[in-house]
Amino acid sequence: MSYDVFISYARKDNEPPEPFQPGDPEPGWITAFIEALKEEYRRATGGQELQVYFDKKEIRSMDDWQRHIFRHLRESKILLAFLSPNYFKSPWCRKEWEAWIDHEISKHILSEGIAPIYFVEVPGFPDSPAAHLADWVENFRRRQWQVDLRPFIPQGLEALRDEGLKDRLAELERQIRERAGRVARAAASPNRVPDYNPCFVGRLTELNRLFDMLFEGRVGVVATVHGLGGMGKSELAFTYAHAFAHEYPGGRYLLRAEDRTDLQDLLCDLAPDLNIQFSDEESKNPELKFRRLRAGLDQWTQEKGRVLLVLDNVAQHRLLSKDQLGKLNLSQDRVHLLATTRLLPPPSALSGVAAQTHQTTAWLPVDELPINDAARLLEKHRPFTSPEEAETAREIAKALEGFTLAVETVAIHLANEPDLTYAGFLRELRGKILPTLDDLGSREDIDLRLHNHEKLLAHLLKPTLEPLEPPEGLAVQYAALLPADQIPLPWLRSLITQDFPDMGQDGEWNRLVRKLMGLRLWQSTRTAEEDERHLLVRMHRLVQEVVRGRLTSDELAERQKSLETLVGQRDAALENTTQWTGARWEVEPLEALALLWADQGHEKAAWLLNQVGMRWHHLAEWTRAEPLMRRALAINEAGLGPEHPDVAIKLNNLALLLQATNRLAEAEPLMRRALSIDGKSFGPDHPVVARDLSNLAGLFVATNRWVEAEQLFGWALAIYEASIGLGHLEVARVLNNLAYMLQTTGRYAEAWNSYRRALEIREKSLGAEHPQVGMALNNLAELLRTTNRLAEAEPLFGRALAINEASFGPNHPEVAKILNNLAELLRATNRWAEAEPLYRRALAIDEASFGPGNPNVARDLNNLALLLEDTNRLEEAEPLYRRALAINEAGLGPNHPELASSLNNLAALLYATNRLTEAEPLYRRSLAIFEASLGTEHLQVAYALNNLAQLLQATNRLAEAEPLMRRGLVILFNCSRATGHLHPNLQTFVDNYAALLKAMGLCDGEILARLRELAPDFFADEAE
């Protein structure tokens, strides 16, 4: 049953008043007050009943308390405590109070769930409390509301008629309703921090200090004194997130900060939780990306309320610098930042638990766990059976000197060894374990303290680790080699199943995981969305060190080798995955492992950094990919020298990323350097050199250097033909890229041959149903559609669509791409009824895959609008054009070619509806963007010039139109010269220009003379 209020009181305080006669209506003071409170609740709520748990039995033992009290306490929303001298003398009242505080944290309402009531004078309280009451008093003072009923007992029941007391009673009723409502609000706060640890004890002072720090507008930094590990800094931060969840209706989010140096980049990890989608342009530009994140975070907090961001394991001081923190704008009190770190606090912050403020941060040094709290931690795992056991537990806590991880290890060991008594363990601790530690010497000898902590923990973990069954022990050993905060359970399962096939059974595997988490060797960190099985766990770094230290050098090498093999398999699986949304979670632990290997100087660190960088590149997370690729390059250059072939691989991959992010001038020297290295290393005719030539040719295509690009493609193909043969898959990649260049420059017959050969190679090498074959079919069909061979194109699109749907599923972006192309074909053949559902399906897929603000969605909207325009549904088409324009304007920046295309499309609709005044500025802006982004000689510039010139001609501004149309025609002449083939739109441009000149009054001879002047080589026959 659920209760609104739990009554905590000393039983002696509810004894009947003197004199008491049988039949009197009120048997006790507290009973009378509760009845009055219930009546006030009925009055205020229109007759609702206040559900109160009020136990009147005498508590005689721990078993009695747990059986009658503890369960009901945890089922209640508010604890109402009646304070008196008897209350503070009662050990059972103390237990109720402590158990309730644990309950408050688990329900996310710390400092909100207790209503202290003074109903008699307590000598010396609260101004000068006795020493044993000090922590209670401190907690009372944190409570922001009390009801003072001290006149109640002297005046007897007559006090309930006092108007002042009635007002206080009504206020108490209101506060109870308000606090009960906060429980529900706290439960609704989104949570992305590890689950609450029910065995967390104490640290109430620190939790409240954190609250004060954060609500003063500072960044809270939890640091261990002297940088000692195992003091519970992360657990304290996570517990704060749970204890004060009611203050964070916008949610609590964990950001893993180890190895991260840029706060803006780290905060962008929030994007999935805040439903933020970055455009391609934002992903390329860290400033734009953070600006989008900041805007999304502002909107999120305005709609949902304050959020808490926990930056766990900050390893770089610069991450908490005033300069970086200033960009987050914490002054509005909508975002709280709480960091944990092993960095040393500033010297002035080393003063017990008092938080010290330093500019924008406030440091909370966490020292040893207080003895009383350490004893409670032991009791939570192994309840005391006598006062003597409680005192022995305190002695154990003293001997462990408040080393939190050590106390927890002992507590778990005692919980799992019922035959081992507290006294027996204390004898063993004093007789065998503590004497092995070195003389600590001065408190400042931090290295010695660290050494002793590790040595002590190794001794204490021995009884936990040695009884583990072989599969359990092996799983722990592999976990000790992985990043402490991101240990993938599927990896561990795969590794140990090689030696223990039974672990392939879900039941056996889940039993193992439950046991190791029960022993706190592993802790929860996150769960899968589709089911509740854990994907990742945490393991304390000191525990990892102990486990690694127990391995022989041969065992360590064997485990490391098996892990490296698995990592290679997981990388290959990610490279070939077709379900990238479901596989994305695995990239993060791979990244953490790559950074761990880099810190350890692992020989495969550069390889893994590069591979993870490529995965992020494929996922368009360029700001995450680039630093990994650059670090991989730096490691190889330092370790192998600047001319090593591995350096060339890293240069090439980094250059491809720079090309994808439109930094072409930066990419080219890297590609040329890679080509030079490989030429020297392998000779000029090696396939690796052909790969480099092909990459550089692709860059030339992107920069409109068609002749140079074609020459490099030819060299690459010649090398492949002489070395690996023209049937290799690498050849298919080059042919596909070459065909794209040929198609772009209007050399359709040659493009057809290259696309066709690429398709044949892939079909022969991979089989007819491989997704690469589907992509090749799509490319070939798109060429056929462009050249108006629609009947030939349609079955190829159909086959490509079937392959991609079978490979990727019906809702993959690759499927959307083919749906779009097929719909374009149907539109071209006036089969609008068939085309429209394909356009709409492609749009739905891309919106679900990328979010509504992605440029792919803008493309889909544009294509659907074209169909609506074709079917004379202009009113429906215009908002789609405008939405596509808004997406590109917001996502791609002011100078992107796709934005120019959107402007041009909307302008064309305005032109078609005779809104020429509105269309003209859009045409002009489109032209300016194309010129700025692609250069003045690009084909897109020619089309933009022609469009604007035709509008000017339509408004009879012929003199303005002529130079624009002439410029566009010259661009097509130059393109035709560069490729050696007439551009397919050249004749249309010639006809348009001739018509304009005729409208300007020129005769046929004069028009021909103008054309000969522009391009004498194209009109040689007429000249003769």
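Tutor: Let us begin with the whole chain. Buried residues make up 53% of the 1024 residues in the protein. Please keep in mind that this is a predicted model.

Student: How many helices and strands are there in the protein?

Tutor: The protein has 46 helices and 15 strands. Among contacts between residues at least 6 apart in sequence, 68% join residues at least 24 apart.

Student: In which sense do strand 9 and strand 10 pair?

Tutor: Strand 9 (residues 307–314) pairs with strand 10 in the parallel sense, over 6 bridges. Val314 stands opposite Thr341 of strand 10.

Student: What is the phi of Asn313?

Tutor: Asn313 has a positive phi of about 60°, although it is not a glycine. This residue is in strand 9. Since buried means under 20% relative accessible area, Asn313 counts as buried at 3%.

Student: Where does Asn872 lie, and is Asn872 buried or exposed?

Tutor: Asn872 lies in the loop between helix 38 (855–870) and helix 39 (874–892). Its phi is near 65°, a positive value in a residue other than glycine. The cut-off for an exposed residue is over 50% relative accessible area, so Asn872, at 62%, counts as exposed.

Student: How does one read burial in a helix, and how many residues of helix 9 are buried?

Tutor: An α-helix has 3.6 residues a turn, so residues three or four places apart point the same way. Helix 9 (residues 233–243) is mostly covered, with 11 of its 11 residues buried. Among them are Lys233, Glu235 and His242, along with Leu236, Phe238 and Tyr240.

Student: At what angle do helix 32 and helix 33 pack?

Tutor: Helix 32 (residues 729–744) and helix 33 (residues 748–766) pack at an angle of about 155°, with their axes 8 Å apart. An angle over 145 degrees counts as roughly antiparallel, and the two helices are therefore roughly antiparallel to each other. The crossing of helix 32 and helix 33 is left-handed. Residues making the contact include Leu735, Leu738 and Leu742 of helix 32 and Ala751, Ala758 and Ile761 of helix 33.

Student: Finally, how does one read the surroundings of a single residue? Which residues does His602 touch?

Tutor: His602 lies in the loop between helix 25 (587–600) and helix 26 (605–618). It is buried, with a relative accessible area of 15%. Not counting residues up to four places away in sequence, His602 touches Gln560, Glu564 and Trp597.

Student: Where is Asn946 found, and what does Asn946 touch?

Tutor: Asn946 is found in helix 42 (residues 939–954). At 7% relative accessibility, Asn946 counts as buried. With residues up to four places away in sequence again left out, Asn946 touches Met965, Phe989 and Asn992.

How values were computed:
Residues are numbered from 1 along each chain as its sequence is written. This is a predicted model: local features need pLDDT of at least 70, side-chain atom pairs count only at pLDDT 80 or more; totals for chains, interfaces and linings use all residues. Side-chain values use heavy atoms; hydrogens and water are left out. Helices (H or I, at least four residues) and strands (E, at least two) are DSSP runs, numbered from the N terminus. Buried means under 20% relative accessible area, exposed over 50%, partly exposed in between (1.4 Å probe, protein chains only). Contact means heavy atoms within 4.5 Å. Two strands pair if DSSP finds at least two bridges between them. Axes are lines fitted to C-alpha atoms, for helices over the stretch in contact, and angles run from 0 to 180 degrees between N-to-C directions. Angles under 35 degrees count as roughly parallel, over 145 as roughly antiparallel, 65 to 115 as roughly perpendicular and the rest as oblique. A crossing is left-handed if the near helix is turned anticlockwise from the far one by less than a right angle, and right-handed if clockwise.
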